[in-house]
Amino acid sequence: MTGLVGRGVARVDGRAKVTGAARYAADNEVTGVLHGHLVLSTVARGEITEIDTSAALAQPGVVAVYTHRDMPRLTLPSFPFLKGFLPLQDARIHHNGQPVAYVVAETLEQAQEAANHVRVRYRAERPTAHLADALGEAFLPRPFRDRPNEFTRGDAAAALKAAEVRIEQDYTSPTMHHNPIEPHTSTAVWNGNSLTLYESAQGIIFTRGVVAKAFEGFGVRLEDVRIISPYLGGGFGAKGPTWPHTLINAAAARAIGRPVKVVLTRAQMFTMNGHRAEYRRSLRIGATRQGVLTAIVDTSTGQLTRTEESIFNTSDSTLNLYACPNVHVRQMGIRLDLPSSSYMRSPETTAHFGLETAMDELAHELGIDPVELRIRNLPATGNTGNHLQECYRMAAKAFGWARRDPRPRSMRDGNEYVGWGVATETHTYSVFPSSAGLTVGVDGRATLRAATQEIGTGTYTVITQVVADGLGMPIEHVTTLLGDTTYPPASLSAASATMASVIGPASHAAQSARDAVIALAVADPRSPLHGVPAQDVVAERGYLFPRGDRGRRDTYHGVMSRHGRPVEVTGSKQNTGGRSHGAVFVEVRFDPRLAALRVSRVVAAYDPGRVLNHRTAHGQVIGGVTWGIGFALMEHTVVDRNTARVVNPNLSTYLVPVCADTPSVESFFVDRPAEDSTALGARGFGETPGTGVPAAISNAIFHATGRRLRDVPFTQDKLL
Amino acid sequence: MRNFGYTVARTPEDAVRIAAGTRNSTFVSGGTDLLNLMRDGAQAHDHLVDINRLDLAGIAVDRQALRIGALARMRHVAEHPLVRRESPVLSEALLASASPQVRNMAAIGGNLLQRTRCGYFRDAGSACNKRVPGSGCPAITGYNRGHAILGGSDHCIATHPSDLAVALTALDATVHLLGPDGARAVPIADFYLLPGSTPEREVALRPGELITRVDVPRTSLAAQSRYLKLRDRATFEFAVVSVAAALQMTGRTVRDARLAFGGIGTRPWRDTRAEAVLRGRPLTETTIAEAGRVLVRDAKPHNDNRFKVELVQRALARVLSELGGVR
């Protein structure tokens, strides 16, 4: 160990990214590549009655136009293909913006223009687009991925009835879209039955499985499919599942016999790759006058489709965060004529917003400090609760919470009201089976390979750090290669899973390789270490020496060059998922005459177990908080009530925060290794920051204005 | 986007001649709006006449007016010392527009001709009377938070998005045009049209006419002016409501006032009746409130934009109080 782990090492891929040397999926120049462009439906429900492609086919450069009549028939894959149907296989329309034709041409511009010449006639039916228009149709969906949508602990109804104090409120949030900067893209290259995809994917192993399944009717096997995805320009969950454009594009490439590339437009990304579902939640909370929770009845309703009933915004924090003996959770759904929803950046935020706002309402009702109320309800056992308490202590101190006057509208600065709000940050993290291959070459340098991927969060950097540390090698001597399914299988980069899944195997591989090289050294008569017991040899900055005797040293380069062959090892290690917690404090400023609001300060503290890189961890906090501000104040996909069509499918009218909306964010970490994690004590952390921000903002708004907002986004009209 | 022809014009006359001689052509300067419209399929042209080389980027001044060339970039006008001193509302409106990158590219003439941000107009898959006359207006029964409460018709309620146009409307600017039939000048009040039954006609440009210059009268009124823009995020966003105001006081009494508004009208919205309420009277909370009430007297709000009726009055009150020093 050379103390690399934990250090705020700068991005090892930073230079490649800022100089443009990093090759993103669509940057790959494949010889002879054709370009595809999707034609999407302009009705939300009904059937194609007529489709005329002759004018499109007559356009310059057009190679093929596929419709449901002549599209190759594919097999409908299961999870993580989230849609219950494959477009372009029949005439039925399930949502607005569904693919109805695929145009392939020599250039992108030719394909796009030809797409304007595909004539489609529909037998359209009136769609239902909003939850409010179908509230009577809510039902309890079947378990999704073995997780039931109803959970009972104790007798919540009776406890609620008997409660000394009750908070009973509804909380709502609209449809939202992931909107990574890099659009979804796929380039398909067939060689016989072997398929290579240059893909923008958060889970290349997942994608390989879906693609192989879709083409199994053609005799394509899992090992025939290779997915390459070394860099992502953001995913936020959108690129975890595999979406139809990948399969349609690959099918076209196969039928035409040439490589084809597809890049979705920004507008297409509002119907082609999932979203956060429109959501309503009714919370009934019971407590004692001392602020001890006695009952939670949590009934949520999320948007489903006509073709599937998957719930992604689960009420985990209701079940797990506070020690309440009587809980009844129901995650209901309503079928609408909309595209499939999916996992989107910290999916538990959707439900958590309501819980953490309700906790503030309870605190106000009881006259108990909201921090104190939460601490009173933390589970008594387990170190999770203890560390969350520490998060509250750290962040409250740095924020100056003790100076807060709890009365609404009590704090002013000039013409503005100042509001302070707080909420718990919490999210589940998953773990996916992972392995890592490590090669120490004859030059004494190491290369780690793993079929996980970098989604912009610092995966290359942290893995490189951990491997260099485990080997006892300078970080510059370690190269990490990710994003290729020919590497050892590794984690999906979603569900906060990457670090918790991959660090154990990477670290294990580094230790095995170090031991293997030491074994070579001590057995080599030409080495100064010849005959030293292997367990007495340590490695540091590329040198190998007996503990306490730096003078008698060999190097990785020396050992390996004499050995003449690389050392290759594979690392693997099991881990288990869990939760990461934190506390976030927010200050808002409110101009009462204009009803104008801004977030002026954010301070947060977290318990992610051991912090592997303080810089990337802080980066994750900045990102999470920024998205939390967007969730609270502006993000909103507008779906037309009459046509079920997205009205704002672009970054000009789908607002996300800009720098001027985002104050500087202060973050603190408990930074104590989690005993239950084999990832050097690190827990999954990615999705935790930001989960509490919408509620903290809502709570700060109440403090500033005396007004309780329960429906995001909190736009100016709601503050008038 | 379909293929289009492209010609670089060398003189204004050259540009007008080329445009007249090509089918379905339009002029392009910064292209910050036009190219998006063409990419989205909201607008299609067979020929683009590039006017960036024309000698129209200057900002000149004489005794009567500030004369802003149509190709002056937003940034240059916003930062011009004379503009900042004599017409702060103009500088503030420009700096509240778009982003620094867009302001570096976008020209004054193009800014005045930018199209509405109405989502139905921008989406080729939706009906829209402005884009396809007679196809219907989904905004009236659909989502209309960003839409107009004044000046709408049964055919269209889209707002004009330009902040600059609101400021120029307050300052009584004149738009200078060159067309196949020669040059003419149009007061900005007549330049923007109400949608009526022809929402596809937004401005009083005749076919092939090019904006060459915008003249802003030099008045002492303009020196006491301000632009306030309220929006859903801090920068790079169009107005929910905006106010351009100029105020000339004699003691506590309003000698003259100019008021124009963005985000609430189907065109940059001037209200001379609200100005008349203030003229010759002391500037107080009462007179300010009365001007606000007059402004929204004929407002016709829709489902999602009712709040603008209240918000625009508050914005007006803020601007007038600050300009007039009312506590």
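**Entry 1: ground rules**

I am working on a predicted model, in which local features need pLDDT of at least 70 and side-chain atom pairs count only at pLDDT 80 or more, while totals for chains, interfaces and linings use all residues. Residues are numbered from 1 along each chain as its sequence is written, and chains are lettered from A and ligands numbered from 1 in the order in which they are written. For secondary structure I take helices (H or I, at least four residues) and strands (E, at least two) as DSSP runs, numbered from the N terminus.

**Entry 2**

I went back to helix α13(A), residues 556-563, and noted A:Y556, A:G558, A:V559 and A:M560 as buried. A residue is buried here if 20 or more other C-beta atoms lie within 10 Å of its own, exposed if 12 or fewer, and partly exposed in between, with C-beta atoms placed from the backbone. I then asked what covers these residues, and found that the cover includes β18 (435-440), α12 (498-523), β22 (543-546) and β23 (554-555) of chain A; contact means that the C-beta atoms of two residues, placed from the backbone, lie within 7 Å.

Two of those covering strands, β22(A) and β23(A), I followed into an open sheet of 3 strands with the order β21-β22-β23 and antiparallel pairing. Its edge strands are β21 (537-540) and β23 of chain A, each of which pairs on one side only. Strands pair if DSSP finds at least two bridges between them, and I recorded 2 bridges joining β22(A) to β23(A), with A:D554 in β23(A) as the bridge partner of A:L544.

**Entry 2: two domains in chain A**

I noted that chain A is divided into domain 1 (345-430 + 577-719) and domain 2 (433-572), with bounds that come from an automatic or database domain assignment. The centres of the two domains, taken over C-alpha atoms, are separated by 39 Å. Where they meet, 18 residues of domain 1 are in contact with 14 residues of domain 2. On the domain 1 side, β17 (416-429) and α14 (614-633) of chain A each supply at least two residues, and α14(A) gives the most, with 3 residues. I sorted that side by class and have 6 nonpolar, 10 polar and 2 charged residues, where Ala, Val, Leu, Ile, Met, Phe, Trp, Tyr, Cys and Pro count as nonpolar, Asp, Glu, Lys and Arg as charged, and the others, Gly among them, as polar.

**Entry 3: where chain A meets chain B**

How many residues of chain A are in contact with chain B? I have 28 residues of chain A in contact with 26 residues of chain B. On the chain A side, the elements that give two or more residues are α3 (108-115) and α16, and the largest share, 3 residues, comes from α3(A). That side has 10 nonpolar, 10 polar and 8 charged residues.

From chain B I examined helix α15(B), residues 307-324, whose 18 residues reach 26 Å from first C-alpha to last, close to the 26 Å expected at 1.5 Å a residue; the expected span is 1.5 Å times one less than the number of residues. Among its buried residues are B:F307, B:L311, B:L316 and B:L323. What covers the buried residues of α15(B) includes α16 (716-719) of chain A, along with β9, β10, β11 and α14 of chain B. Just after α15(B), B:G325 takes a positive phi of about 70°.

**Entry 4: backbone exceptions in chain A**

Most residues other than glycine have a negative phi, and most peptide bonds are trans. A cis peptide bond joins A:F79 and A:P80, with omega about 5°, and A:P80 is in the loop between β3 (62-67) and β4 (92-93). A:L88 is found in the loop between β3 and β4 of chain A, has a phi near 65°, and counts as buried because it has 25 C-beta neighbours inside 10 Å.
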